[in-house]
Amino acid sequence: MPKLYHWEPNANSGKPMLTLAEKGVAFESHYLDLLNFDQHKPDYLAVNPAGTIPAMTHEGRVFTESTAIMEYVDQAFPGPKLTPDDAYERWRMRWWMKFLDQYLAPSFSMIGWSVFVGPSVRDRDPAELEAAIARIPSPERQAAWRKAIYNEFSVEEMAESNRRVALGIDLLEQALTERPWLAGETYSLADINAFNLAYAMPLSQPALSNDTRTPKTLAWLRTIYARPATQQIWAMGRTSLAQRVTYLSQKPEAADA
Ligand SMILES: N[C@@H](CCC(=O)N[C@@H](CS)C(=O)NCC(=O)O)C(=O)O
């Protein structure tokens, strides 16, 4: 049975969690509390020396990088296929995953770290926080934590992140106007990847992402949220991040009200 080291069903952790559930693969869940810096403790660094989440172990091997883990899970286990057979649709699935991982996710992450992660830990003992930062193995992640804790995201970089999110909202709506799922005719890894970021769009950008302006996206989010695998995984959430998704079980009129 694979072991998955993860945080909330959200962003990078949510991607392999949801893929395993869609395939019907039972997994041993190891919840790491990102806000308690569990990902930098020796037990986890022995699994993933980079100190980032998620990571998976299976048959004596260690897997990192959430999108690559999704592809491994889809191919290594039986269950419904989450990669299209058609070469053009497969290209479109990978195009979306590249766009999400390289362009959109870092901007979502910056906003999330600015409004949720930073404020969640900022009031702790300053010496304890400095010691926690010093234990982070990668200089890039140390810099991200410093910015979040000391609220050092610049006006320019936040504006650029908001610009990218606005562009992502429109691209998603356009894609879902042309076909039912991001790759084409079937639910794929691209939809799973996108859902883990996009569920937050109507909450954080209500003027841009709503039933009137982006109806296809809202219907797509509700359809994915209603899937048994999504319900199973989102029930594993322990913080307010996962509870925020329940707005998707409301009917369109109620959701807009
Ligand atoms: N490219 C990696 C990114 C992993 C990553 O940075 N994960 C974040 C959580 S979404 C993390 O571990 N942050 C904790 C930290 O930096 O201490 C992936 O897709 O798995």
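**Close-up 1. Helices H7 and H10 cross at roughly 80° in this predicted model.** The axes of H7 (residues 155–178) and H10 (residues 215–226) come within 8 Å; axes are lines fitted to C-alpha atoms over the stretch in contact, with angles from 0 to 180 degrees between N-to-C directions. Helices are DSSP runs (H or I, at least four residues) numbered from the N terminus. H7 is therefore roughly perpendicular to H10 (65 to 115 degrees).

**Close-up 2. Residues in the contact of H7 with H10.** H7 contributes Leu172, Glu173, Leu176 and Thr177, and H10 contributes Pro215, Lys216, Thr217 and Trp220 (contact: heavy atoms within 4.5 Å). By class, 4 are nonpolar, 2 polar and 2 charged. Ala, Val, Leu, Ile, Met, Phe, Trp, Tyr, Cys and Pro count as nonpolar, Asp, Glu, Lys and Arg as charged, and the others, Gly among them, as polar.

**Close-up 3. The residues around the ligand.** They are Asn12, Leu34, Gln39, His40, Thr52, Ile53, Pro54, Glu65, Ser66, Trp113, Arg141 and Trp145 (a heavy atom within 4 Å). This shell has 5 nonpolar, 5 polar and 2 charged residues.

Close-up 4. The protein buries 83% of the 520 Å² that the ligand exposes when taken alone (Shrake-Rupley method, 1.4 Å probe).

**Notes.** Residues are numbered from 1 along each chain as its sequence is written, and side-chain values use heavy atoms, without hydrogens and water. In this predicted model, local features need pLDDT of at least 70 and side-chain atom pairs count only at pLDDT 80 or more, while totals for chains, interfaces and linings use all residues.

Definitions and conventions: Helices (H or I, at least four residues) and strands (E, at least two) are DSSP runs, numbered from the N terminus. Angles under 35 degrees count as roughly parallel, over 145 as roughly antiparallel, 65 to 115 as roughly perpendicular and the rest as oblique.
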